[in-house]
Amino acid sequence: MVRKVNKRYKGLVLAALMGISLFTGGCGKSDGDGTDTAGEETTSEVSSEEATSEFDESSVVNTMTKKYKRGRADGNTYKNEFFSIGCVLDDQWKIYSDAEIDEINQFQEGAATDENVAAVLEQSYLLDMAAARYDGNANISIIVQNKGNVRITEDEFTKSGLGTATSVMEQSGYTDTDAEIGKVNFCGRERTVINIKAKTQDKDVYEKQLSMINGSYVIVITFRAFDEKDLDAAVKAFSILK
């Protein structure tokens, strides 16, 4: 058996996962072709500085048959070679270990192989990365899912999640939710993003959600913080793998 029947959430993981929106991508056309995507499989190191160069479209892995390889955490460094992104966070943050992510995803110890991950993604979604500040003021999460043969761009996919993002925030107890589509410089390229502002216990909370597509796989990256400066710093911690 690959996955456990029950899962146990730890306190900070709960905070990191609360209110994550999964986009449906339902507005695309089913097709066997690839889609707009960002990323290249590589084994290079992560740069701790924000990437500023224009994204090289020639480096895109644009295949519907390439199987997903999950991101990996090493201390406060995270690398996702499939999407060619990563981050280095300072000691104010905790990046959840591969073992902790496996537990949340209900994998038995040692069972989260690339083959098993790809098999699960045929039917469901998985958490790829979670991080939270020790003071509770910010968190990051990355969800991966398989969009199948739906032909859709990252821009369309992100925009399709606007209503869901608002609903999830409200269902999670947030009030005065205001969401809009905007742009953000992420990993060296301007991307479409959902910007959300809401309240919880009379405190403002800010969130950014964006997506990246590579072949048949999508990652949804969610940044949340009580301060816009902390939110922007979390976004800028990510860069293209070099």
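**Cysteines, a buried glutamate and a cavity**

The sulfur of C187 lies 9.1 Å from the closest cysteine sulfur, in C87, which is too far for a bond. A disulfide is counted when two cysteine sulfur atoms are within 2.5 Å, and a search of the whole structure finds zero disulfides. C87 accordingly takes part in no disulfide. Both cysteines are buried (under 20% relative accessible area, with a 1.4 Å probe and protein chains only): C87 has a relative accessible area of 0%, and C187 stands at 1%.

The model is predicted, so local features need pLDDT of at least 70 and side-chain atom pairs pLDDT 80 or more, while totals for chains, interfaces and linings use all residues. Residues are numbered from 1 along each chain as its sequence is written, and side-chain values use heavy atoms, leaving out hydrogens and water.

Next comes a glutamate. E207 sits in strand β11 (residues 203-214), a strand being a DSSP run of E with at least two residues, numbered from the N terminus. E207 is buried too, at 1% relative accessibility. Its side chain makes a polar contact with the side chain of R224, at 2.4 Å; such a contact pairs N or O atoms within 3.5 Å, one able to donate a hydrogen and the other to accept it.

Finally, one cavity of 30 Å³ or more is found, a cavity being a set of points on a 1 Å grid where a 1.4 Å probe fits but cannot get out. The largest cavity has a volume of about 50 Å³. Its lining residues (those with an atom within 4 Å of a point) include Y68, F107 and D128. Strand β6 (residues 126-133) gives the largest share of this lining, three residues.

Conventions. Helix = DSSP H or I, 4+ residues; strand = E, 2+ residues; numbered from the N terminus. Buried < 20%, exposed > 50% of the residue type's maximum accessible area, 1.4 Å probe, protein only. 1 Å grid on protein atoms, 1.4 Å probe; cavity = no way out; pocket = protein on both sides within 12 Å on 5 of 7 lines; lining within 4 Å. Points joined across faces, edges and corners; volume = space filled by probe spheres on them.
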